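Thank you all for coming; I would like to walk you slowly through one structure this morning.

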Amino acid sequence: MNSYRVPQLAKKYTDYDMIRQHTEIPPFPDSRARLLQAFVGRTDEKEHDELYALATSLVQLAMDTHDRIDTISGDRKEQEMRSRQLNVLAGDYLSSRFYQLLAHAGRIGMIGKLSGAVAEVNVRKMTLYDRMKKLLVSAEEYLRETVQLKMQLFLSFADMIGLQEQKLWESLLAEFSLCETVVEELLRMNDEKRFSHSYAFWHIYEQGTGDERNLICQPDLDMRACGAMVIKYQMDGLLLDRLRESTNRIKLLLQDEKDQRGLVEVHAILETYLGYLEPSHAAVRED
């Protein structure tokens, strides 16, 4: 298996001055890409492990970039318009690179599989977003669907990985996708631009009073009041409990796996999330 360098390779496609100046590429799907490369590296397709991880990551970045396009009508400032346009163009560009990479390598079948997965993701997103717009989503449904959306592209490789390892692959993918989601939600609950429709939002909407519900649904959020509710409902602790439970399940999965070939990278991914459970990380989150 190749050493893991997919994020560095992706910078060739994401590090452009215009993108950095006017918009922001979403976080790289590092855990999922690293996991994919590790498992493809255990198959007969191991010579393509890095290619598949890179191409799939670019598709994921393209979709995540398009998700950042706002749908608010009305006049916008020039910078907001430019950022919106760059989100559209950047997403389209990243998607085109995925086609180019796989076509150049002659992996046409994988283009079809990933394209089909993109369609499934979009259908699932539309259903979720419609329910979110109507305020019909529970915190647990939101978390479950977000994890599933993160998994969908990478599940395209299940058949390639093989029957004997599919269960382990899908279980680890689900757990690491949950870990990734939890870490993102820990950041979102203190971010004015991203608090709306976050896990904290849905939890407070379920458990809060009428006044609290009205407050978090306002277009102009009072983040001081939102922060007080985040503390009141112990959002930090709830999310870290989910992270702790998930990392414990991952430990058990790896402990039960007899064939550790190529799983060094998986242990490395786990260590990243175990770091968030250390006391030193709590101080960082409170800053």
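Predicted model: local features only at pLDDT ≥ 70, side-chain atom pairs only at ≥ 80, totals over all residues.

**Salt bridges and their surroundings**

Let me begin with E185, which counts as buried at 2% relative accessibility, where buried means under 20% relative accessible area, exposed means over 50%, and partly exposed lies in between, using a 1.4 Å probe and protein chains only. Residues are numbered from 1 along each chain as its sequence is written, and side-chain values use heavy atoms, with hydrogens and water left out.

E185 and R188 meet through their side chains in a salt bridge at 3.6 Å, N to O, the term meaning a side-chain nitrogen of Lys or Arg within 4 Å of a carboxyl oxygen of Asp or Glu. The two are three residues apart in helix α9, so about one helical turn separates them; helices here are DSSP runs of H or I with at least four residues, numbered from the N terminus. R188 is buried as well, with a relative accessible area of 15%.

How many salt bridges does this rule give? The count comes to 16.

Another of them joins R242 to E140, with the closest N and O atoms 2.9 Å apart. Because R242 lies in helix α13 and E140 in helix α7, the pair ties together parts that are 102 residues apart in sequence. R242 is partly exposed, at 22% relative accessible area, and E140 is also partly exposed, at 37%.
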